Structure formats: C-alpha cells, structure tokens
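Reader: I would like to learn how to read a helix face, an annotated span and a sheet in a model. Please take them in turn.

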Amino acid sequence: MSIDDDVTLLERVPTLRLLGDASLRMLAIGSEQRNFVRGDVLFNLGDEADAGYVVQRGAFRVDDGAGAEMIAGPGALIGELALVVPMKRPSSAVALEHASVIRVARSLFQRVLESDPAAAVRLRDEFAVRSSQIASDILMAGAKLTSS
C-alpha cells in the first residue's frame, strides 16, 4: 500500500480523522505495516502497550479474557488508549485470517500531537465527550439495577 492509501485508511478511523490531513500524513509516513496469518497474535492480555493498530485488511478477534470479545476489521483502531497513555493491554488480539495492520507507536502519535496543537485540542475534546457519555451510561445502568 502507498502512503496515500494509508492516509485514506487512517481517515476512516473516527479518532484519527480529528487530526487532519497533515497529521495523518505524518502518521502514515512514520508508521509501520505488519502482516499476519490466521492464528498470529497481535498482542496478549497484560503486554505493555506502546502502540495502536489500524486494521488494513483481514480481521482480528479482540478478547478481554473474561468472555467479552469483538471482531475488528478494516478501518478499526485496536488499542486506542495506548496511543495516549502507558498501560498494560486489557485484552488479547489474534488474527482470524490473513491480515495486516498499520502500527502507530505512541511516541510517533505524541510527536504528531505536539506538532499540531489544534489537533491535540480536538482529540482531547473528543475524549472528554466520550468520557462524559460513558459516565452517563454507567449512571443510567446503575439506576436501572437499583430500581429492579
């Protein structure tokens, strides 16, 4: 895939779309592509997380080890929080078929945000909205549980 193809893919990711064209191009140029065959592990639960992954093609099963799982296909961002904070992986991800990802290192992502403060503000605002929505959802769920 070309840099332009990678930029187009990164634009499909809602979180990354907030960065704008110049920042997406920097991410595409500085990121690396990794290929997988069925059964290959992208990462394991508890691994140190230093990057996020955008699925280019194929699919990955992401499993939290407690029964919750999801399938991440093309355009999905796996490990989003690892782009902004050091953490351990809260899940495992395994290729379900031949697949490829764009690996975005946290260090690269942070350099991009430092070079584009307006993009950093847009991203911060998006995370704030999401956090508020999650808190609201938790309160609503708690209210339903206590009224049952």
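Reader: Which residues of helix α1 are buried?

Author: Buried means under 20% relative accessible area, exposed over 50%, and partly exposed in between, with a 1.4 Å probe and protein chains only. Helices (H or I, at least four residues) and strands (E, at least two) are DSSP runs, numbered from the N terminus. In α1 (residues 3-11), the buried residues are D6, V7, L9 and L10. They sit on the same side of α1 because they cover an arc of only 160° around the axis, taken from the directions from the helix axis to the C-beta atoms.

This is a predicted model, in which local features need pLDDT of at least 70, side-chain atom pairs count only at pLDDT 80 or more, and totals for chains, interfaces and linings use all residues. Residues are numbered from 1 along each chain as its sequence is written, and side-chain values use heavy atoms, with hydrogens and water left out.

Reader: What do the buried residues of α1 pack against?

Author: Contact means heavy atoms within 4.5 Å. The partners are α2 (14-17), α3 (21-30), β4 (51-57) and β10 (99-105).

Reader: What is the strand order of the open sheet?

Author: Two strands pair if DSSP finds at least two bridges between them. The order of this sheet of 4 strands is β2-β9-β5-β6, with antiparallel pairing. At the edges are β2 (41-43) and β6 (69-72), each pairing on one side only. Between β2 and β9 (residues 92-95) there are 2 bridges, and F43 stands opposite A93 in β9.

Reader: Which residues does UniProt list for the domain?

Author: The unreviewed UniProt entry lists residues 15-130 as "domain: Cyclic nucleotide-binding"; UniProt positions are in the numbering used here, feature names are shortened, and annotations may be inferred rather than shown by experiment. The span is 32% helix and 34% strand, and its end C-alpha atoms lie 11 Å apart.
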